[in-house]
Amino acid sequence: MAVRAETLKELEEKQEWWWAAEKKRSSRLDYLRKAMWKKGAIGGLYPAGLYIDLERPVLQTEKARELEFSPDPYVIKFAKILAHVLDNKTIFITDHSQLVGYLGSQPHTITWDPTLAALLNHEVVNDPTSIPEPMDESLKTITDVANYWAGKSDLDKILPHMDLDDAMKVLSGAIGWGVPLSRGGYSGKDYEYIMSGVRAFEDVIAELDRKIEEADAKAHEPGASKEISDLYDKMNMWEAMKITLEAGIRHGKRYARLARIIAENFETDPDRKEELLQISEVCERIPAKPPRTLQESLQYDLFIQLFSRNEAIEGAWPSRPDYYHGPYYEKDVTIDKALTEEEALDLVGEFLIRAAEVSQYKVRWAREGLQGIEGTWVWTLGGVKKDGSDACNAMTIALLKAARLVRVANPTFAFRWHPKVSDEVMRECFECIRQGLGYPSMRNDPILIANAMNWHGHPIEEARTWVHQACMSPSPCTKHGFQPMRMANATANCAKIMEYVFTRGYDNVVNMQIGAETPPAETLTTYEQVFDAWVTQMKTIFSILVRPVNRARILAPKMTPRPYLSAVSERSVDSGLDVCDPSISRGNAWITAFTWVENADSLAAIKKLVFDEKKYTMAQLKEALANNWEGREEMRLDFVKNAPKWGNDDDYIDSIMLDCLREAAKFSRELKCPSGNNWPILPENVSGNIHYANIVGALPNGRRLGDALYDGGISPGPGLDKKGPTAVLKSCSKIDHISDGRAFLLNTRLSPTQLAGEKGYQLWKTYMKTWADLGIDHVQFNCVSDETLRSAQRDPEKYQEVIVRVAGYSAHFVDISRKTQDNIIQRTVQGLG
Amino acid sequence: MPTCKECKRFFPLEEDPGKGDCVQRVIDPRQAYYQAKPVSADKDAVKCPSFEKK
Ligand code: SF4
């Protein structure tokens, strides 16, 4: 893309932020940003030019074959396979970069982990677009790898130990999403242990050696007990953890060596030579020893994340970069003046780019549900420290500034707002929103800290360390508080609750009895009976989704252990137990509630039109839904237009929403995770509203099979919020954001014209004050005009860099499906003031 | 028969000269980089299109 001829000022006036950023950033950042291969799937397919990386699967398979008959316990074999990959994979250093590390062997590759699930491997075998040339040879390799892991992959091993009835219902794809695996989902991290700056890999290894030595001595003292028997498993676990950390250190040193080789043998530019020697020094130290500088700290974080993604497919990136890197930023930039602000911004911007390019091959439904991005890398900024004081620092500002320079769609930020946040930081957040990034989303810190204490019993100091474990859900990053793996299949396609009330739990799309056999809809003679049936279906669906996760959590320590994640987690280093072992976790589970608001809108329509006004019977409604409203257009429009809709500060429907949430909340306290904690719900959507369009049948809110669902969380249906932004906030504020669920996503569209200048900031600040005063836990903004979005639909080439907020994540507008694009345009633009 | 150790792109490990890295410059449509892949010094280089005598 050519650099635009207009001046920076002209571009900013025209609000062409993506072109303005290009002019503003350093030549290094410009190179690195343009060097980045975007990895997010478009329409479920990976973009042209990307290829599945076959190097890692081959390394994993050759090591697994070699170890097949070795006497090592499984966890040690698994650690050795991971170490083999880190020792032997191809590494590279991109020109101008200062941070190193990538999952694949080349920048344009997507890594494939064949150890996870045969169903994933089958998709690779049949992938129409991303198999590298020469095709015949690649297919031979892929088939060999896939055949080897058939029956040996995690899911293949776990499934026979599950309730197969539940498993089939989950895998039908009608009500849930994801699989119950400890190596496929969203891994939390014990940042308080591994990122606090007081220890790094060598320190942990020393601790593991002490543990092994003590246990070994104890195991050989005279005596016998269960405790002594358990020590053998623990020693194996500690040994496996050590193998992964030692491999991590060696991997760092491989980069140190490559940087030195380039500097000494190839590079002719003295400045770049200096930088390469600096990279070499950093990687000689990191991750073995704690970081001393911002560059070391960022490199350390990057290695921690990449090693974890060598162990598992991680669909999220829980992180708090300003909190953990802030002290190094302050030291380098403010105190020692070793870096100028611009130099620091180069590092921070590159850190975002390094994260943005991370890629792991996923099954098609996951690619469709996460259109345009690789996963939900929602990084947490702001918030409070453990003592309750403001945690914002110069790194918070640097990250927000860097985001506007590199304009990646992933990672995005979520900002923990609290009353002590300075105006300077709020202005930085606003600038990102105004410039159309769609992030940071704003989170209400006091509410969410109280929520974490209420739902999961986290002590206040731990609750205050929370980060986003995925798009929305807070999880502390403490020894017992962090959740090692959120298994994504406890993600409910909640519109099915309503659908099943009319089908007695039979799913006509996948032709299977999934829900409860509630009474036939035509026999329900009161609204209360309809609501009772709804509650039964809700309980049935949630239970089907939660039980496999609970089971997988119990099976995980033995069948799908995580030696590396355990090694960077204090609970496991202390206990010798796998990080997923429920006995060492407080529990922080949640049910993601996709397609939630359709339930309230549908119930309100039934209550008003069937029972209050008696315009239709339940039998007529059932028949209309069964026929997808065909031949009943007038009736359908009645249900769309003449029934109350959520988001208009109308108590008629808002009270129904509360009834639904409170029934779910009550049941959430009956559903227990293996640690004995609760399973609260969390309404949000990613792009599930589009993915499920052809899976959810017709609904009483007037929606037809195939129509996009609402954009999610507690956001009103697109275009159905007719009474302005305050009415939306008022409806949302009727929900108790501490006790009615774990968090609630709210999408809002604002007009970029209205947000221009100081006046725009003041309008937004007033809106944010209302939002905070009303105790709402989340809000996120799209701030790109209809005109720009329509132009981008007409001429995508010209608008490659326009970013929009989809749901709990942002994406480049041109990378999402037409249906999702239309859905975003349909959202009401709220006028402020 | 040429082996990797005779190649310009081979950089032996100090602690074990029988092993080393094959370091190559790569330019793809978006970026340029140097890559390193572990190889053994005695690896057969006959079929390697990038072999260049030291
Ligand atoms: S270029 Fe070929 S011959 Fe040279 S070191 Fe690399 S693999 Fe060996």
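1. Where in chain A is the place of Arg407(A)? Arg407(A) sits in the loop between α18 and β7 of chain A, and its phi is positive, about 45°, although it is not a glycine. Most residues other than glycine have a negative phi, and most peptide bonds are trans.

2. As to conventions, this is a predicted model, in which local features need pLDDT of at least 70 and side-chain atom pairs count only at pLDDT 80 or more, while totals for chains, interfaces and linings use all residues. Residues are numbered from 1 along each chain as its sequence is written, chains are lettered from A and ligands numbered from 1 in the order in which they are written, and side-chain values use heavy atoms, with hydrogens and water left out.

3. Two cis peptide bonds deserve a look. One joins Glu133(A) and Pro134(A), with omega about -5°, and Pro134(A) lies in the loop between α6 (118-125) and α7 (135-149) of chain A; helices here are DSSP runs of H or I with at least four residues, and strands are runs of E with at least two, numbered from the N terminus. The other runs from Tyr439(A) to Pro440(A), with omega near 5°, and Pro440(A) belongs to the loop between α19 (423-434) and β8 of chain A.

4. In chain A, six strands form an open sheet with mixed pairing, in the order β6-β7-β8-β18-β17-β21, where two strands pair if DSSP finds at least two bridges between them. Because β6 (378-382) and β21 (829-830) of chain A stand at the edges with a single partner strand each, one side of each is left without a neighbour in the sheet. Strand β17 (residues 747-750) of chain A runs parallel to β21(A), joined to it by two bridges, and Arg749(A) has Val829(A) as its bridge partner in β21(A). Helix α32 (residues 757-773) of chain A lies across β7, β8, β17 and β18 of chain A, running at about 155° to β18(A).

5. A second open sheet in chain A has three strands in the order β5-β4-β11, again with mixed pairing. Strand β4 (residues 184-186) of chain A and β11(A) run antiparallel and are joined by two bridges, with Tyr186(A) opposite Arg486(A) in β11(A).

6. The axes of helices α13 (residues 270-285) and α14 (residues 294-311) of chain A come within 10 Å and cross at roughly 55°, axes being lines fitted to C-alpha atoms, for helices over the stretch in contact, and angles running from 0 to 180 degrees between N-to-C directions. The two helices, α13(A) and α14(A), are therefore oblique to each other, a class left over once angles under 35 degrees count as roughly parallel, over 145 as roughly antiparallel and 65 to 115 as roughly perpendicular.

7. Helices α16 (residues 341-356) and α18 (residues 394-406) of chain A pack at about 65°, with their axes 9 Å apart. Residues making the contact (heavy atoms within 4.5 Å) include Leu345(A) and Leu352(A) of α16(A) and Met395(A) and Leu399(A) of α18(A).

8. Between the chains, 19 residues of chain B are in contact with 26 residues of chain A. Together they bury about 1900 Å², 51% of it on carbon and sulfur atoms, buried area being the accessible area (1.4 Å probe) that two parts lose on being put together, summed over both. On the chain B side, Arg30(B), Gln31(B) and Tyr34(B) lose the most area to chain A, together 37% of what that side buries.
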